[in-house]
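Here are a few exercises to work through with the model open beside you. Try each task before you read its solution.

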Amino acid sequence: MQEAWRKALGAWGQELAARKLPSWQALPEIDLYMDQIIALLERYLGVMPDAQGSKLISSSMVNNYVKLGVIPPPVKKRYTRTHIAYLLIICMLKQVLPISAIESLIALQLQTRSIADVYERFRTLQEQALAGILAQSEALGAQRALDQFALEMAIASNASKMMAEKLVALQRASLPHAGTKDAQQS
């Protein structure tokens, strides 16, 4: 059984390596309608595991992100590559952080970078993190039972999540608008 799981994990790792997030330049230059955005994001995010059986993105989610001010509103019901970049970042990070923390992370990055640079930095860091985890799973996973390795990964994820939330809270507190809705949502 362990060997079958290792093969499945290896195949998934190869699929992850092959299906990277598109570069900023590879994102569509033309404006898209909601159904087109959802289909595109589902294709980009299709390799992500869906343990809870819930969708990573839906039109209701996009509408809520707009209402909450997490992403800019569409122009004449059309979404740009900027929206796609925001939504890719949100969909990836909402697995580990609350939306308010993601909103703050993006806002903090946008203080010194363009959305294109923020997205490219996110994409690069995500690829590096995945490559590191996959290398670790190959090197360490072969030396221990997969259930033990899964527990170790879950614990490491939780510790990283806690640190990320603390860092965002510290950054939020240092912003001039610390008394706004962002600070109140933490």
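**Exercise 1: the whole chain**

Among contacts in the chain between residues at least 6 apart in sequence, what percentage join residues at least 24 apart? Then describe the secondary structure.

Solution. A quick word on the source: this is a predicted model, where local features need pLDDT of at least 70 and side-chain atom pairs count only at pLDDT 80 or more, while totals for chains, interfaces and linings use all residues. Residues are numbered from 1 along each chain as its sequence is written, and side-chain values use heavy atoms, with hydrogens and water left out.

Step 1. Contact means heavy atoms within 4.5 Å. Of the contacts between residues at least 6 apart in sequence, 69% join residues at least 24 apart.

Step 2. Helices (H or I, at least four residues) and strands (E, at least two) are DSSP runs, numbered from the N terminus. The chain has 8 helices and 0 strands.

Step 3. Buried means under 20% relative accessible area, exposed over 50%, and partly exposed in between (1.4 Å probe, protein chains only). Of the 186 residues in the chain, 33% are buried.

**Exercise 2: an aromatic pair**

Find out how many aromatic pairs the whole structure holds, and work out why the pair of tryptophan 24 and tyrosine 119 is classed the way it is.

Solution. Step 1. Rings of Phe, Tyr and Trp (its six-membered ring) pair if their centres lie within 6.5 Å; planes under 30 degrees apart count as stacked, over 60 as edge-to-face and the rest as tilted. A search of the whole structure turns up 1 aromatic pair.

Step 2. The ring centres of tryptophan 24 and tyrosine 119 are 6.5 Å apart and the planes sit at 55°, so the pair is tilted.

Step 3. Tryptophan 24 lies in the loop between helix H1 (2-18) and helix H2 (34-45), and tyrosine 119 in helix H6 (residues 115-141), so the pair links parts of the chain 95 residues apart. Both residues are buried.

**Exercise 3: histidine 83**

Is histidine 83 buried or exposed, and what does its side chain reach?

Solution. Step 1. Look in helix H4 (residues 81-93), where histidine 83 has its place.

Step 2. With a relative accessible area of 3%, histidine 83 is buried.

Step 3. Its side chain reaches the backbone oxygen of proline 72 at 2.9 Å. Leaving out residues up to four places away in sequence, histidine 83 touches Ile71, Pro72, Pro73, Pro74 and Arg78.

Technical notes
Polar contact = N/O pair within 3.5 Å; in protein donor to acceptor, adjacent residues only side chain to side chain.
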